[in-house]
Amino acid sequence: MNDSHKYNRELLNAAYACWGAGAGRRAQRERLKRYTYGDQWGDMVSDGHGNIVREGDLITASGRKPLANNLIRRLVKTIVGRYRTNRDQWREGHGVDVAVENANMLAELDARLFEEFLISGMAVQRVAREKRFGTERVYVDNISPQRFFANAFMDPRGHDMEMAGVLHDMSLPEVLSRFGRGDRRVMQRLRGIYGDAAASVSALPGAESSFYCAGNGRCRVIEMWTLEAIETVRRIKTDITFGWRCRWMAPGGEVLACYFSPWAHRSHPFMVRFYPLTDGEVHPFVEDVVDQQKFINRLIVMLDKMMGSAAKGVLLFPQEQLTPGMTWDEVAERWSSTDAVIPISGRCQTIPHQVNTNISDNGAYRLLDLELKLFNDVSGVSDALLGKTEGGNAGSALYESRVNNATIALADIFDTFNALIAARDNLIKQS
C-alpha cells in the first residue's frame with residue numbers, strides 16, 4: 001500500500017524515540033571526537049564553588065596555560081595508515097566492480113569510515129541503487145552516527161533491528177526532484193510543506209531542532225525503514241512473512257514516499273557495526289586512552305608551571321653590600337656583562353650569589369615518561385607500529401615481524417571492520 005499522501009505522526013514519534021535513546025552515544029562520540037582532534041580541555045567540571053565550567057577555563061583562571069600534547073590523533077592516524085596499507089589484501093575475494101569502486105571512491109570512504117569506527121565505535125554506510133539528479137547507479141554513502149537512529153539492538157550483526165533511519169538535509173529543488181514525481185500538484189504540495197519550516201516545526205510538541213530542523217535553508221527529510229509483518233493468502237493457508245518498508249517523511253509527519261525494499265536482498269540499505277556492542281553498549285577504541293591523555297596533559301601543565309615559577313639566574317644582592325655611588329641598574333648591567341667587576345662594600349659576611357633551580361630531577365618527569373609508556377601499552381600500539389626502530393642492526397624481515405606482532409593487539413578491530421566491508425560489498429552486488 002502506498003501511503004505517500006498520508007500523515008503518520010505515530011511512526012514519526014517512534015522514530016524520534018529511537019533518536020532520543022541514542023543521545024548518550026552521540027554525546028560520547030562528540031567528546032571522543034574533541035579529544036581526537038585536539039580540543040582536550042572541554043570537559044565540564046566543578047570550580048569548587050558550585051559552578052560548572054570548562055576544564056580549560058578553570059586551568060586558565062588558576063593562572064596556568066591549558067597545554068595539550070595530542071597523542072590520540074597520532075595513534076588514530078597510525079592505525080588508519082595500517083588499514084590503508086593492507087586494505088586490498090584484506091578485501092581479497094570480496095571486491096566489487098571497478099566502476100562502482102571508482103564512482104564512489106570507496107578507498108577514501110572506507111578509510112574515513114574506519115577513522116570514525118576508531119573514534120566512536122560506530123560505522124554506518126548506506127548502499128542503494130537509486131536515481132540522483134538524473135543518474136541511476138549504486139550509491140555508497142558514509143552516514144554520520146549523529147544522523148543515524150535505530151531501535152535498541154543487541155546482535156553485533158544488527159539482525160534484531162526493527163527500525164533504522166537517517167536524517168537528510170536537502171535543498172528544495174532536490175526534494176522536488178526526488179519526490180515530485182513530475183506532477184505539478186505534488187510539487188506544489190511539497191512547496192507548501194517546506195515553505196515555512198519554522199512554523200511547521202514549532203507546532204510539534206517537544207520538538208528537537210536537531211531531529212526536525214535542517215537549518216541553513218535546507219529541508220529536513222527523514223528516511224525511515226521498519227520491519228513489518230506481511231500477511232499472504234495461498235489457497236486456504238495464510239502465511240506471515242516480514243519485509244522492510246521505507247518511508248520518506250517530512251518533519252510534520254507527511255509521508256513523501258513509501259515502498260517496500262526494491263532490491264534483491266530485500267532488506268534496508270544500511271550496513272551497521274557498533275563496537276564492541278556489549279549488552280547494547282558501545283565502548284570504542286579511543287575511549288580506552290582518554291584517561292591517559294588527560295593525565296599526560298595535566299602533567300605537562302604542572303611541569304610548565306614549575307618551569308615558569310622556578311628561579312632562573314636570580315641574583316641575591318644584600319643591600320648593605322651596594323657600593324656608594326652605584327645604582328641597582330648598574331649592578332644588573334655589570335652582572336650580565338662578561339669580565340665585569342662589581343665593587344661591594346661591607347665586610348662580605350654575605351656576598352651576592354645567583355640562584356638557579358634544577359628541576360630536571362623532579363619526579364614529575366619520571367611520571368610523565370611512565371604515562372607515555374602506559375599510553376602505548378593501553379592502546380596496544382607498540383613502537384614498531386609507530387615506525388620506531390629498536391636498533392639500527394635490525395633487518396627488514398625482523399622489523400616486519402615486529403610490525404605483524406604489534407598488529408595482533410588490533411586484530412579484533414581490523415577483523416570486525418573488515419567483516420562490515422565484506423558484507424557491504426555483498427550488499428552492493430545485490431543492489
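# Cores, helices and loops in a predicted model

Mentor: In this predicted model, the largest nonpolar core holds 46 residues, and those with the most contacts inside it are Ile79, Phe114 and Phe417.

Trainee: Which elements give two or more residues to this core?

Mentor: They are the helices H2 (23-36), H4 (71-90), H6 (106-120), H11 (287-309), H13 (363-379) and H15 (411-429), together with the strands S3 (122-132) and S4 (135-142).

Trainee: Which gives the most?

Mentor: Helix H6 does, with eight residues.

Trainee: And what does Ile79 touch, neighbours within four places in sequence aside?

Mentor: Ile79 is in contact with Phe114, Leu118, Phe285, Val381, Leu410 and Phe414. Apart from this core lies another, of 33 residues, and Met122, Val166, Met170 and Trp248 are among them.

Trainee: Back up a bit. How many helices and strands does the chain have?

Mentor: The chain has 15 helices and 12 strands. It runs to 431 residues, of which 42% count as buried.

Trainee: What share of the contacts joins residues at least 24 apart?

Mentor: Taking contacts between residues at least 6 apart in sequence, 67% join residues at least 24 apart.

Trainee: Let's do helix packing. At what angle do H4 and H13 pack?

Mentor: The angle is about 35°, and the axes of H4 and H13 are 12 Å apart.

Trainee: Is the crossing right-handed or left-handed?

Mentor: H4 and H13 cross in a right-handed way.

Trainee: Which residues make the contact?

Mentor: H4 supplies Leu71, Ile72, Arg74 and Leu75, while H13 supplies Leu372, Phe375, Asn376 and Ser379. Sorted by class, the contact has five nonpolar, two polar and one charged residues.

Trainee: What about Ala14, where is that?

Mentor: Ala14 is in helix H1, residues 9-21. With a relative accessible area of 30%, Ala14 is partly exposed. Ala14 and Asn151 are 137 residues apart along the chain, and their C-alpha atoms are separated by 9.2 Å.

Trainee: New topic, Glu101. Where is it found?

Mentor: Glu101 is found in helix H5, which covers residues 98-104.

Trainee: Why does Glu101 count as buried?

Mentor: Glu101 counts as buried because its relative accessibility is 15%, and the cut-off for buried is under 20%.

Trainee: What joins the side chains of Glu101 and Arg91?

Mentor: A polar contact of 3.2 Å joins them. Not counting residues up to four places away in sequence, Glu101 touches Arg87, Arg91, Val96, Leu106 and Ala107.

Trainee: Is Met105 buried or exposed?

Mentor: Met105 counts as exposed, at 56% relative accessibility.

Trainee: Where is the loop with Leu277?

Mentor: Leu277 lies in the loop between S10 and H11. Its phi is near 55°, a positive value in a residue other than glycine. Leu277 is buried, with a relative accessible area of 7%.

Trainee: What sort of peptide bond joins Tyr275 and Pro276?

Mentor: The bond between Tyr275 and Pro276 is cis, with omega about -5°. Pro276 lies in the loop between strand S10 (270-274) and H11.

Trainee: What does the side chain of Thr323 reach?

Mentor: The side chain of Thr323 reaches the backbone oxygen of Pro343 at 2.5 Å. Leaving aside neighbours within four places in sequence, Thr323 is in contact with Pro343, Ile344 and Ser345.

How values were computed: Residues are numbered from 1 along each chain as its sequence is written. This is a predicted model: local features need pLDDT of at least 70, side-chain atom pairs count only at pLDDT 80 or more; totals for chains, interfaces and linings use all residues. Side-chain values use heavy atoms; hydrogens and water are left out. Helices (H or I, at least four residues) and strands (E, at least two) are DSSP runs, numbered from the N terminus. Buried means under 20% relative accessible area, exposed over 50%, partly exposed in between (1.4 Å probe, protein chains only). A polar contact is a pair of N or O atoms within 3.5 Å; within protein, one must be able to donate a hydrogen and the other to accept it, and residues adjacent in sequence count only if both atoms are side-chain atoms. Contact means heavy atoms within 4.5 Å. A nonpolar core is a set of buried Ala, Val, Leu, Ile, Met, Phe, Trp, Tyr and Cys residues joined through side-chain atoms within 4.5 Å. Axes are lines fitted to C-alpha atoms, for helices over the stretch in contact, and angles run from 0 to 180 degrees between N-to-C directions. A crossing is left-handed if the near helix is turned anticlockwise from the far one by less than a right angle, and right-handed if clockwise. Ala, Val, Leu, Ile, Met, Phe, Trp, Tyr, Cys and Pro count as nonpolar, Asp, Glu, Lys and Arg as charged, and the others, Gly among them, as polar.
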